[in-house]
Amino acid sequence: MLGFMIFVILVVLLVALFASCVKIVPQAHAYVVERLGAYQGTWSVGMHIKMPIFDKVARRVVLKEQVVDFAPQPVITKDNVTMRIDTVVFFQITDPKLFTYGVENPIMAIENLTATTLRNIIGELELDQTLTSRETINTKMRASLDEATDPWGIKVNRVELKNIIPPAEIQNSMERQMKAERERREAVTRAEGEKKASVTVAEGKKAAAILEAEAEKQSAILRAEAQKEKMIREAEGQAEAIMKVQQATADGIRMLREAGADEAVLKLKSLEAFAKAADGQATKIIIPSEIQGIAGLASSVKEFVAK
């Protein structure tokens with residue numbers, strides 16, 4: 001009975017010892033193994049068996065990209081303005097062996113290296129450049145940190161300035177400047193609006209004046225055409241009246257001739273017909289030669305009667 005119990009205990013110990021020697025490395029991880037204190041190898045993803053007592057897992061390394069947010073660091077710009085800047089570093093372990101044996105505390109080393117690099121870069125910039133050159137600062141810091149962390153088996157993928165905190169008086173000055181700039185833009189916008197409104201009103205008045213002038217022109221044209229038509233109608237009426245007078249005179253002369261009147265009477269009636277045809281409107285009358293003699297005789301008789 002005692003022997004059976006001892007056998008069972010030995011079996012359990014052997015199983016436990018074997019289980020302790022079997023290691024399964026998960027995805028995106030790596031194990032650094034030492035044998036008797038010396039580096040033995042790096043286990044990647046999968047199942048591995050180590051020698052009992054002699055081998056041990058010195059460090060379990062995460063190969064995923066990691067993010068470290070460092071506390072704000074005081075820095076001084078080129079124009080002697082002290083501000084606080086906190087940074088975020090994105091890094092990834094590329095060599096577990098160098099990461100394990102390259103530096104004692106990698107995260108603290110990265111933090112201190114980030115602070116010194118940031119002070120060096122900001123020290124070459126003035127305040128305004130610091131506030132407007134985030135991308136440039138990020139690029140310079142990433143390149144510097146990536147180069148410095150290569151011996152530690154670390155690759156710095158990206159560095160971001162999370163916050164830039166200037167002194168309180170600088171913040172107040174910036175706020176006043178921003179307020180003044182907003183007021184200036186508002187004044188410019190208002191002036192441009194008033195200018196556009198004035199231009200619109202002027203264009204409206206111009207269009208109204210053009211329309212009014214066009215209407216006056218059309219009215220004048222219509223009045224002239226109406227006056228022309230009136231004059232034409234009056235001229236036609238006068239011509240018709242003259243034609244009637246001449247027709248009546250011609251009828252009278254024909255009647256006198258039919259009645260046996262002599263040549264002198266006929267010529268006198270023709271002269272009266274010319275006088276009526278003129279009707280005081282003509283300034284010059286051309287009398288045929290046949291009745292000029294009788295016209296002179298009539299003038300003499302008229303002068304004699306006047307005496």
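Author: A definition to begin with: buried means under 20% relative accessible area, exposed means over 50%, and partly exposed is in between (1.4 Å probe, protein chains only). Tyrosine 39, with a relative accessible area of 32%, is therefore partly exposed.

Reader: What sort of model is this?
Author: This is a predicted model, where local features need pLDDT of at least 70, side-chain atom pairs count only at pLDDT 80 or more, and totals for chains, interfaces and linings use all residues. Residues are numbered from 1 along each chain as its sequence is written, and side-chain values use heavy atoms, with hydrogens and water left out.

Reader: Back to tyrosine 39. Which ring does tyrosine 39 pair with, and how are the planes set?
Author: The structure holds one aromatic pair. Rings of Phe, Tyr and Trp (its six-membered ring) pair if their centres lie within 6.5 Å; planes under 30 degrees apart count as stacked, over 60 as edge-to-face and the rest as tilted. The partner is tyrosine 101, with ring centres 6.0 Å apart and planes at 85°, so the pair is edge-to-face.

Reader: Where do tyrosine 39 and tyrosine 101 lie?
Author: Tyrosine 39 lies in strand S3 (residues 38-43) and tyrosine 101 in helix H2 (residues 96-101), so the pair ties together parts that are 62 residues apart in sequence. Helices (H or I, at least four residues) and strands (E, at least two) are DSSP runs, numbered from the N terminus. Tyrosine 101 is partly exposed, at 40% relative accessibility.

Reader: How many helices and strands does the chain have?
Author: Eight helices and nine strands. The chain has 307 residues, and 23% of them are buried.

Reader: Which residues touch the most others in the largest nonpolar core?
Author: A nonpolar core is a set of buried Ala, Val, Leu, Ile, Met, Phe, Trp, Tyr and Cys residues joined through side-chain atoms within 4.5 Å. The largest has 29 residues, and those touching the most other members are Ile85, Ile110, Leu118, Ile137, Met141 and Leu161. Strand S8 (82-93), helix H3 (106-122), helix H5 (134-149) and strand S9 (154-165) each supply at least two residues of this core.

Reader: What does methionine 141 touch?
Author: With contact meaning heavy atoms within 4.5 Å, and leaving out residues up to four places away in sequence, methionine 141 touches Thr87, Thr114, Thr117, Leu118, Ile121, Val159 and Leu161.

Reader: Switching to charges. How many salt bridges are there?
Author: Nine in the whole structure. A salt bridge is a side-chain nitrogen of Lys or Arg within 4 Å of a carboxyl oxygen of Asp or Glu. In one of them, arginine 35 meets aspartate 55 at 2.6 Å, N to O. This pair links distant parts of the chain, with arginine 35 in strand S2 (residues 29-35) and aspartate 55 in strand S5, 20 residues apart.

Reader: Is aspartate 55 buried or exposed?
Author: Aspartate 55 has a relative accessible area of 6%, so aspartate 55 is buried. Arginine 35 is partly exposed, at 30% relative accessibility.

Reader: What about lysine 162, which residue is the salt bridge with?
Author: Aspartate 69, with the closest N and O atoms 2.8 Å apart. Lysine 162 is in strand S9 and aspartate 69 in strand S6 (residues 66-69), 93 residues apart.

Reader: And where do glutamate 186 and arginine 190 lie?
Author: Both are in helix H6 (residues 168-259), four residues apart, about one turn of the helix.
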